[in-house]
Amino acid sequence: MDSLDDMILLAEVAETGSFTKGGQRLGMPKSTVSQRIAQLEARLGLRLLNRSTRQVTLTAAGQVYLDYCRRVRDEARNAAAAMGHLKTQPEGHLRITCPEITASHFMPGFLGGFASAHPGITVELIATNRHLDLLRERIDFAFRVGAPQGQDMILRRISAIRRVLVTAPAYLETCRAPMRPSDLAQHRCLIHDTQPDWTFTAGERLTLRPPAALSSDSMGFLLQSVLLGGGIALLPAYICQAFLATGALVRLLPDWTPAAYEMSMIFPSRENPSRAQLAFRDYVGAYDFSAFAEPHVGPTGG
């Protein structure tokens, strides 16, 4: 038992006027209560209680100290009640991280739906392409692409991410569209740093590493560069859907299917997850992520 526990014990003894009754409130024998109070007085160098065979009363110093003891006891009770409430009600705060392109093109609707279902839970979204240390940064959930590795982490596969090879009509005004993947060597290819190899399937499987006219770790930057006619890029289909529908982007090599990649959610292994964490897990488990993998029809360049 520490000093704060002793303060709580003193408050119970003072209010009941008895070592026996004070101990009963806390499930402790009279001898232990008497010993702990004596040790508290010794640490403080002050006598807090007047003892008689019939009752226990506060000294002047004890009366002053009692006010502080009651505050400690009340705060401890409030903390216990709050923790109990978190176990039964989906309330609290979540820290979530994901790639910046996922944050801008998917998370608004996804987290908006979660907020509507759980208004008592606040969410902090950290959009970054860096792999943060979940434990050090106090991250509850991380959405990552590829095959994430992590000690003491739980991995939940979310969906395959379909990709499309795209460019802008303005770019095709300056050159002929590629007819085969090998033709990409003669084009301005905009490459994501983590995906230098492009794999296509059309009866046969072909992997190549096109020369990078421009490279970046930002899918958003590559998307905007393609829209401005800067070249050709292999991008997640879900971020291109609206631009393909309007003709701002066109698909290239429509007979060749680019290899998809995986999105996963990882989170620390915890013995006692909060209700907020459990609610988010359930929401993710029930959510329809098929839009990531569905084909997106749009104009083709040729």
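**Exercise 1. Determine which way the side chains of strand β8 point and whether they are buried or exposed.**

Step 1. In strand β8 (residues 189–192), Cys 189 and Ile 191 point one way, while Leu 190 and His 192 point the other way. In a regular strand, side chains alternate between the two faces of the sheet.

Step 2. All of these residues are buried (under 20% relative accessible area, with exposed over 50% and partly exposed in between; 1.4 Å probe, protein chains only). Strands (E, at least two residues) are DSSP runs numbered from the N terminus.

The model is predicted: local features need pLDDT of at least 70, side-chain atom pairs count only at pLDDT 80 or more, and totals for chains, interfaces and linings use all residues. Residues are numbered from 1 along each chain as its sequence is written, and side-chain values use heavy atoms, leaving out hydrogens and water.

**Exercise 2. Identify the strands that run parallel to β8.**

Step 1. β8 is joined to β11 (residues 212–216) by four bridges, in parallel; pairing requires that DSSP finds at least two bridges between two strands. Cys 189 has Ala 212 as its bridge partner in β11.

Step 2. β12 (residues 232–236) also runs parallel to β8, through two bridges, and Ala 233 in β12 stands opposite Leu 190.

**Exercise 3. Describe the antiparallel pairings of β9.**

Step 1. β9 (residues 198–201) and β10 (residues 205–208) are antiparallel and share four bridges; Thr 199 is partnered by Thr 207.

Step 2. Three residues separate the two strands of this β9–β10 hairpin, and Gly 203 in the turn has a positive phi of about 85 degrees.

Step 3. β9 also pairs with β14 (residues 257–258) in the antiparallel sense over two bridges, with Thr 201 opposite Thr 257.
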